[in-house]
Amino acid sequence: MQAVYIESHGGPEVLTHGERPDPQVQPGAVKVRVRATALNRLDLYTREGGRGLQREFPPPLILGGDCAGDVSEVGAGVRGLQEGDRVIVNPRLSCQQCQACLSGQDDLCRRSQFLGSAIDGSYAEYLSVPAANVHAIGNAVTYEQAAAIPTTYLPVWNMLVRRLELKPWETVLVLSASAGVGTAAIQMAKDVIGARVIATTSTAEKAAKARELGADEVINYTEEDIRERVRELTGGAGVDAVVDHVGADFFGPAFASLRSGGRYGICGATTGLRAELHLGLLFTQQKEIYGVYMGTKEDMREIVEMLNRGAVRPVVDRTFPLARAADAHRAMEATGFFGKLLLTQG
Ligand SMILES: [Zn+2]
């Protein structure tokens, strides 16, 4: 089959488009003919070998996690899925045997593996995944929309609904509106929960798109001070909750923008992994901080339910043919996009 893989770590030039053996379908798994794959930061980190993702070669590794396509083969013992089903793939595989998995907290599974990082992924014609990681999508949902969902909507859903318990009468600050997580957070906070949304971004063009998505207020952080502007917009009180997926560069002003007793969620750190926490403010103002990494299989089921009802509409910036994966990686590194970048196959 055709696939894009790496045989060493490095820049986009290490992405090789060529032939790889078809995956074998194990019992309990299904083979998926991939139609669309969404890029995530994890793909870049895996390619570079940064952030603890250094690995031994050979064998080569096929990159890619989030994807959607058609079931092309069903393994022994699989129930409820058949050849031809249109599906979305949850890229985080959990062991389904440990205490965390059995108690429904499979996001805490210590034996979990990520497609395209620990094992071969979705930059390929075919992929074999456990049936528990595959969900049927409705006919009105495109492969592109579905592929754009998992890695952005899982942490956002887990964070907004389960950890921060955001309420319709509350105000949430969403950092960096243009990234996949930012667009998902604005949309879910607004359309699903009904909260007031303040978003941050870097250009007037991105600000207009953030408003279209549902942001009530947008702060251009290249021109305005986030903390001061949040105070003005909240009558001096600060926001009830923060969605942070960018980390070091914005943690200080964003944490200071949180009201006393407010909740701060972190599901990524694209600008840097280390930040300074003012412990005095943390305890005297009784703020709460939550770390969120993806979500449970039940979170995924709920998101797919909303996707199929049309309540969730992922933002796709651009699509590239699979063979041009390196160009897609360069586009992601350049950060001049709004929403998700995708690889598609006919
Ligand atoms: Zn487990």
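Is Cys 98 buried or exposed? I looked it up: Cys 98 has 14% relative accessibility, so it counts as buried (under 20% relative accessible area; exposed is over 50%, partly exposed in between, with a 1.4 Å probe and protein chains only).

I note that this is a predicted model, where local features need pLDDT of at least 70, side-chain atom pairs count only at pLDDT 80 or more, and totals for chains, interfaces and linings use all residues. Residues are numbered from 1 along each chain as its sequence is written, and side-chain values use heavy atoms, with hydrogens and water left out.

Zinc site. I found Cys 95, Cys 98, Cys 101 and Cys 109 coordinating the zinc ion through SG at 2.3 Å (donors are N, O and S atoms within 2.8 Å of the metal, 3.2 Å for Na, K and Ca). The spacing of these donor residues reads C-x2-C-x2-C-x7-C. Cys 98 sits in the loop between strand E7 (92-93) and helix H2 (99-102), and Cys 109 in the loop between H2 and strand E8 (113-114), so the pair ties together parts 11 residues apart in sequence (DSSP runs: helices H or I of at least four residues, strands E of at least two, numbered from the N terminus). Cys 109, at 4% relative accessibility, also counts as buried.

Core. I then checked the largest nonpolar core, which has 52 residues (buried Ala, Val, Leu, Ile, Met, Phe, Trp, Tyr and Cys joined through side-chain atoms within 4.5 Å). Leu 160, Ile 186 and Met 188 touch the most other members. Helix H5 (residues 180-193) gives the most, 7 residues. A separate core of 24 residues includes Leu 39 and Met 332.
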